[in-house]
Amino acid sequence: MSIEFFCEYCGKSTPALKPSSWRCICGGPWSLPPGPPFDPDAITSAASGVWRFHRQIRLPSGHYPTLGEGCGRWLRANNEPSIALAHLEPTLSFKDRGVTTLLAWASLAAQPPLIEDSSGNAGGSFAAYAAAAGIPCRIYVPASAPPGKIAALHAFGAEVVKIDGPRFNTTEAAIADNDGTYCSHAWNPMFLEGTKTMAFQWWQEHKGQFPKRIYVPAGQGSIVLGLFYGFREINAAIPDFTVPAIMPVQHRTAASLWEPINIDGPAVEPRPDDVPSIADGIAIDQPVRKEALITAVTQTGGRVIAVGNEEIRNAQRKLTTMGVWAEPTGAVAMAGHMQVGDDDDALVVVSGHGLKTGKV
Ligand SMILES: [Zn+2]
C-alpha cells in the first residue's frame with residue numbers, strides 16, 4: 001500500500017509513512033486525497049473501535065492501539081434537535097476517533113517521544129493511546145488549561161510541559177522541540193482519517209437518514225472536516241445521499257470562519273463578558289486548514305454561528321435538563337443551535353464531557 005500526503009498549498013507530495021517533515025516546506029499542511037468510495041459491506045465486526053471501518057482508513061493492515069472508540073450515539077427527544085453524544089468515548093472527548101489513527105501512523109512512522117500540543121482534550125486522548133501503544137509522549141499545554149485535563153495527562157504517564165501565554169505559544173514551543181517527532185492532531189492528516197468515521201457510523205446506525213443541518217463546535221475544525229470527508233466518500237458510493245449542511249459554531253473571540261463564509265453578515269464583536277473565553281477547546285485564532293474548512297462549509301450549504309460565554313453557559317444548563325453534561329466547549333454547538341432557534345431538523349454535536357471542567 002503506497003500512501004502519499006500532498007500539500008494543500010503547492011501540491012507537492014511526500015510518502016505518508018516517511019514524510020519529509022511535519023508540514024510542507026512551503027508551510028502548507030499535508031493532506032490525503034479523497035478516500036475510496038464508502039463500502040458498507042466492508043464494515044467488519046472482527047475489528048474494534050473505528051477500525052471496523054478500516055477499508056476507508058489509509059493505513060496498512062496491522063494491530064493498532066484501540067480503546068473501542070467510536071461509541072457515541074444519538075439522543076432523540078420530542079420537539080428538540082437530535083444530540084450526538086460524541087463525547088462518550090474512552091477519554092470523554094470525540095478526539096479519540098482521530099487519535100487512534102494518528103497513533104497508528106506514529107507507530108509506523110515516528111521516532112519517539114511523540115510530541116503534541118493541546119488545550120487539553122486532544123492531549124489527554126493522545127496520552128491515553130500512547131500509553132496503550134507503549135510509546136513515550138511529551139504534551140505541551142497552556143498553563144491555563146483546566147486542571148482536570150492536565151491531571152489526565154499525568155495519569156497516563158505523559159511528560160507534561162506547561163506554557164504561559166496565549167494558545168499559540170504552546171504550539172510554537174512544541175514545534176521548536178526537536179527531541180522526538182511532532183505529531184500534531186491539527187497538522188497530521190491521519191487524525192482526520194479517524195474523525196471521518198463519525199459519518200460512517202451514523203450512516204450505518206441511522207440507515208443513511210440524517211437531519212438537514214449538523215451543528216458542530218469549530219476551533220481547528222476537525223469535526224467539520226471529518227464529517228465532510230466522510231460524507232464525500234459516502235456520496236461517491238451513493239450519489240443520491242443528501243449531504244447535511246455543516247454549521248460550525250465558534251466563540252466570538254475566535255470566529256476565524258465568520259468573515260470568509262458569512263460574507264454579508266455583520267462583524268463579530270466580543271462582548272465584555274466573553275473575555276476570557278470559557279470555550280478553551282476552540283480558542284484557535286487561525287485554524288491550520290482554514291481554506292479546507294471554508295470549502296467544506298460552503299459546499300454543504302452551511303454557515304457560521306458565533307456565540308459568547310453567556311450563551312454557552314445557557315446551553316450547558318439546557319443540556320443538563322436533557323441528562324447530558326458537557327464541558328463549555330462541548331456545549332458550543334447547542335449554544336449555536338439555540339441562537340438560530342426553531343430548527344428541529346438538526347443534529348447537535350456534544351464534543352467533550354463536563355467532568356473535565358467541573359460545575360456548570
Ligand atoms: Zn507546499
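This is a predicted model: local features need pLDDT of at least 70, side-chain atom pairs count only at pLDDT 80 or more; totals for chains, interfaces and linings use all residues.
**In which loop is the place of Pro276?** The place of Pro276 is in the loop between helix 8, residues 258-261, and helix 9, residues 290-299. As a general point, most peptide bonds are trans.

**A cis peptide bond joins Pro112 to Pro113.** Pro113 has its place in the loop that runs between helix 1 (96-109) and strand 6 (114-117).

**Leu92 has a positive phi although it is not a glycine.** The phi angle of Leu92 is about 65°. For background, most residues other than glycine have a negative phi. Leu92 belongs to the loop between strand 5 (82-85) and helix 1. The relative accessible area of Leu92 is 25%, and this residue is therefore classed as partly exposed, a class that lies between the cut-offs of 20% and 50%.

**Asp342 also has a positive phi, in the loop between helix 11 and strand 13.** Here the phi angle is about 50°, and Asp342 is not a glycine. The loop that holds Asp342 lies between helix 11, residues 332-340, and strand 13, residues 346-350. Asp342 has a relative accessible area of 80%, so it counts as exposed.

**Asn79 is an exposed residue in a loop.** The loop in question lies between strand 4 (74-75) and strand 5. With a relative accessible area of 68%, Asn79 is exposed. The view also includes Val249, which is 170 residues from Asn79 in sequence. In space, the C-alpha atoms of Asn79 and Val249 are 21 Å apart.

**Arg232 is a partly exposed residue of helix 7.** Helix 7 covers residues 222-237, and Arg232 lies in it. The relative accessible area of Arg232 is 32%, which makes the residue partly exposed. Trp105 is the second residue of this view, and 127 residues separate Arg232 and Trp105 in sequence. From C-alpha to C-alpha, the distance between Arg232 and Trp105 is 23 Å.

**Domain 2 and domain 3 are in contact.** In the domain assignment of the chain, domain 2 consists of residues 74-94 and 192-356, whereas domain 3 consists of residues 96-190. Domain 1 is assigned to residues 1-31. The contact between domain 2 and domain 3 involves 23 residues of domain 2 and 19 residues of domain 3. The centres of domain 2 and domain 3, taken over C-alpha atoms, are separated by 23 Å.

**The whole chain, for orientation, contains 11 helices and 13 strands.** The radius of gyration is 19 Å, close to the 21 Å of the globule rule for 360 residues, so the chain is as compact as a globular protein of that length. Along the principal axes, the C-alpha atoms fill a box of roughly 50 × 50 × 40 Å. Of the 360 residues, 57% are buried. The accessible surface of the chain is about 14400 Å², and carbon and sulfur atoms account for 51% of this surface. Among contacts between residues at least 6 apart in sequence, 70% join residues at least 24 apart. The chain carries 29 positive and 34 negative side chains, and the centres of these two sets are 2 Å apart.

Key: Residues are numbered from 1 along each chain as its sequence is written. Side-chain values use heavy atoms; hydrogens and water are left out. Helices (H or I, at least four residues) and strands (E, at least two) are DSSP runs, numbered from the N terminus. The radius of gyration is taken over C-alpha atoms; the globule rule is 2.2 Å times the number of residues to the power 0.38. Buried means under 20% relative accessible area, exposed over 50%, partly exposed in between (1.4 Å probe, protein chains only). Contact means heavy atoms within 4.5 Å. Accessible areas come from the Shrake-Rupley method with a 1.4 Å probe; for residues, only the protein chains shown count as cover. Lys and Arg count as positive and Asp and Glu as negative; His and the chain ends are not counted. The place of a charge is taken as NZ of Lys, CZ of Arg, CG of Asp or CD of Glu. Domain bounds come from an automatic or database domain assignment.
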